[in-house]
Amino acid sequence: MVIETFSPQETFAFAEQMARKATAGDVYTLIGDLGVGKTVFTQGIARGLGITEPISSPTFTIVQEYESGRLPFYHFDVYRIGAPEEMDEIGFEDYVYGEGVTMIEWANLIQEILPEHYTQITIEKDIAKGFDYRRITVEEVTRV
Ligand code: ADP
Ligand code: MG
């Protein structure tokens, strides 16, 4: 599925709708350049899960947990990870195979350790269509 948005609010609202359908154990990955809207999308997912506290990028902690919503929400930003093996130390598998919803920004950096099934969200700009234009591609991925 491909959708186009023309403001951060539209991206947020699309993610919020998506989160309404989320169930325990769902894993979402976010791919896209710095400043493309991965955190905006994550904030929409959080709101759709009923989380009202502010969501910031967990840059220095790698993972941030939120327990106030309909399901636990685990927000990863793996931008600063040196190697996928570092994820073991923070208990990555316990989150991904746990009872919450997991969101991983920069998931392409830890491709090798992603679970068998996840929903991949790719966000791209197209400056020719305006500074606030984003193309968002949502794909179900099953690793072989
Ligand atoms: P990332 O997490 O990918 O580095 P952020 O979500 O932190 O990016 O920042 C995205 C920036 O782009 C924000 O300043 C946001 O306001 C802006 N923006 C402009 N248009 C859009 C859009 N259509 N969707 C999402 N963000 C947008
Ligand atoms: Mg971010």
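Q: In which loop does E112 sit?
A: Quick ground rules: this is a predicted model, where local features need pLDDT of at least 70, side-chain atom pairs count only at pLDDT 80 or more, and totals for chains, interfaces and linings use all residues. Residues are numbered from 1 along each chain as its sequence is written, chains are lettered from A and ligands numbered from 1 in the order written, and side-chain values use heavy atoms, with hydrogens and water left out. With helices (H or I, at least four residues) and strands (E, at least two) taken as DSSP runs numbered from the N terminus, E112 falls in the loop between β5 and β6 (117-125).

Q: Is E112 buried or exposed?
A: Buried means under 20% relative accessible area, exposed over 50%, and partly exposed in between (1.4 Å probe, protein chains only). E112 has a relative accessible area of 53%, so E112 counts as exposed.

Q: Where is L49, and is L49 buried or exposed?
A: L49 lies in the loop between α2 and β3 (63-66). Its relative accessible area is 2%, so L49 is buried.

Q: How far apart are the C-alpha atoms of L49 and A107?
A: Along the chain, L49 and A107 are 58 residues apart.

Q: Which residues are the protein donors of the magnesium ion (ligand 2)?
A: Donors are N, O and S atoms within 2.8 Å of the metal (3.2 Å for Na, K and Ca); water is not among the atoms, so sites may look incomplete. Here the protein donors lie 2.2 to 2.4 Å from the ion, and they are T39 (OG1) and E105 (OE).
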